[in-house]
Amino acid sequence: SIQEKKTMKPTQKNLTRKWISGVCAAAAVLIAFTASAQIITLTDNNSVAKIDVGSQAGMNYWAVQGQNMLNQQWFWYRVGQNPEASIDTISPATVTLFNGTRGLSTYYANNLFGIRVDYLLSGGPFVGVGEQASSDIGETITIYNTSSSPLEFSFFQYSDFNLGDPLNDTVQLGKNLRGLWNEAVQVDNLVGLTETVTAPGANHGEAGLYNATLVKLNDGVASNLSDVGGPVGPGDATWALQWDFLINPGGYVTINKDKYLNVRIVPEPGTVTLLALGLAGLAILRRRQG
């Protein structure tokens, strides 16, 4: 019938509506994708740090006077003998900024536990050629057992710093007097040194070359770090630490870390390079004896 033919053939108005609807749907997908990145930028004096709180990219930028020395630092967890997973898979992050543009607090939670990660960036003053520029990031991780049963919980920190030429880096882990992993020393032939100290000391550590440790954390199999402390390299060096806890119902544990960059700047044609870099860590706030 004529009526049937009319309903089978779309009008120009209907086509226009469908086109608009399609564009809106595509825009909604784009907006959702953009929001999922959740990149937070911290700034203070000569320093900028960027943290993607919604993906494994994690903290992927830490620059002093425009020179970025960090590729990736992020956190994984394991409950019992379940496979490891990155903390961004627990839930969307609840984000709170503090101390102006310097501080960030993130919180991830489910019906068993919650993880809070606090960052505080302290940049130094801008300096001239031949002088040393400095920057500091303090981090505090608090893990809460919100369930009514003891929680067997492992927490992992993975770090991939790029010092100068990343293919020339060597990394070695160290232990404290209790035999727990508490520092990583990373050196580059042309750039310098990094060192971190944590409290409490970690039960396991692993120094390696990219991306062996990252694959282990994401392979869907529960496993501990290898306790290979190095030295490993030269190459694109990475390292990781693992803390094992048994957290009482309603209880919590805290890990404190502090990283310090010390950079001597020298001129090169058309750019500024880093002659020497030091990264030293010092445990801050409350210490957990481990």
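A salt bridge is a side-chain nitrogen of Lys or Arg within 4 Å of a carboxyl oxygen of Asp or Glu. The exercises below apply this definition to a predicted model.

**Exercise 1.** Determine whether the side chains of Asp 44 and Arg 102 meet the definition, and state where each residue lies.

*Solution.* 
Step 1. The N to O distance between the side chains of Asp 44 and Arg 102 is 3.9 Å. The cut-off is 4 Å, so the pair counts as a salt bridge.
Step 2. Asp 44 belongs to strand S1 (residues 39-44), whereas Arg 102 lies in the loop between strand S7 (94-98) and strand S8 (103-109). The two residues are 58 residues apart, and the pair links distant parts of the chain.
Step 3. Buried means under 20% relative accessible area. Asp 44 has 17% relative accessibility and therefore counts as buried. Arg 102, at 23%, counts as partly exposed.

**Exercise 2.** Describe the salt bridge between Glu 139 and Lys 257, and classify each partner as buried or exposed.

*Solution.* 
Step 1. The closest N and O atoms of Glu 139 and Lys 257 are 2.0 Å apart.
Step 2. Glu 139 is in strand S10 (residues 132-145) and Lys 257 is in strand S18 (residues 252-268).
Step 3. Glu 139 has 0% relative accessibility, so Glu 139 counts as buried. Lys 257 has 4% and therefore counts as buried too.
Step 4. Salt bridges with shared partners join Glu 139, Lys 257 and Lys 259 into one network.

**Exercise 3.** Locate the partners of the salt bridge between Lys 216 and Glu 206.

*Solution.* 
Step 1. The closest N and O atoms of this pair are 2.7 Å apart.
Step 2. Lys 216 is found in helix H3 (residues 212-217), and Glu 206 in strand S15 (residues 204-209), 10 residues apart.
Step 3. Glu 206 has a relative accessible area of 7% and so is buried.
Step 4. A search of the whole structure finds six salt bridges.

**Exercise 4.** Identify the residues that touch the most other members of the largest nonpolar core, and examine the contacts of Tyr 119.

*Solution.* 
Step 1. The largest nonpolar core has 57 residues, of which Ile 87, Ile 115, Tyr 119, Ile 143, Phe 153 and Phe 155 touch the most other members.
Step 2. Strand S17 (residues 237-247) supplies the largest share of this core, seven residues.
Step 3. Leaving aside residues up to four places away in sequence, Tyr 119 touches residues including Leu 42, Trp 74, Phe 75 and Phe 98.

How values were computed
Residues numbered from 1 in each chain as written. Predicted model: local features only at pLDDT ≥ 70, side-chain atom pairs only at ≥ 80, totals over all residues. Heavy atoms only, no water. Core = buried A, V, L, I, M, F, W, Y, C linked by side-chain atoms within 4.5 Å. Buried < 20%, exposed > 50% of the residue type's maximum accessible area, 1.4 Å probe, protein only. Helix = DSSP H or I, 4+ residues; strand = E, 2+ residues; numbered from the N terminus. Contact = heavy atoms within 4.5 Å.
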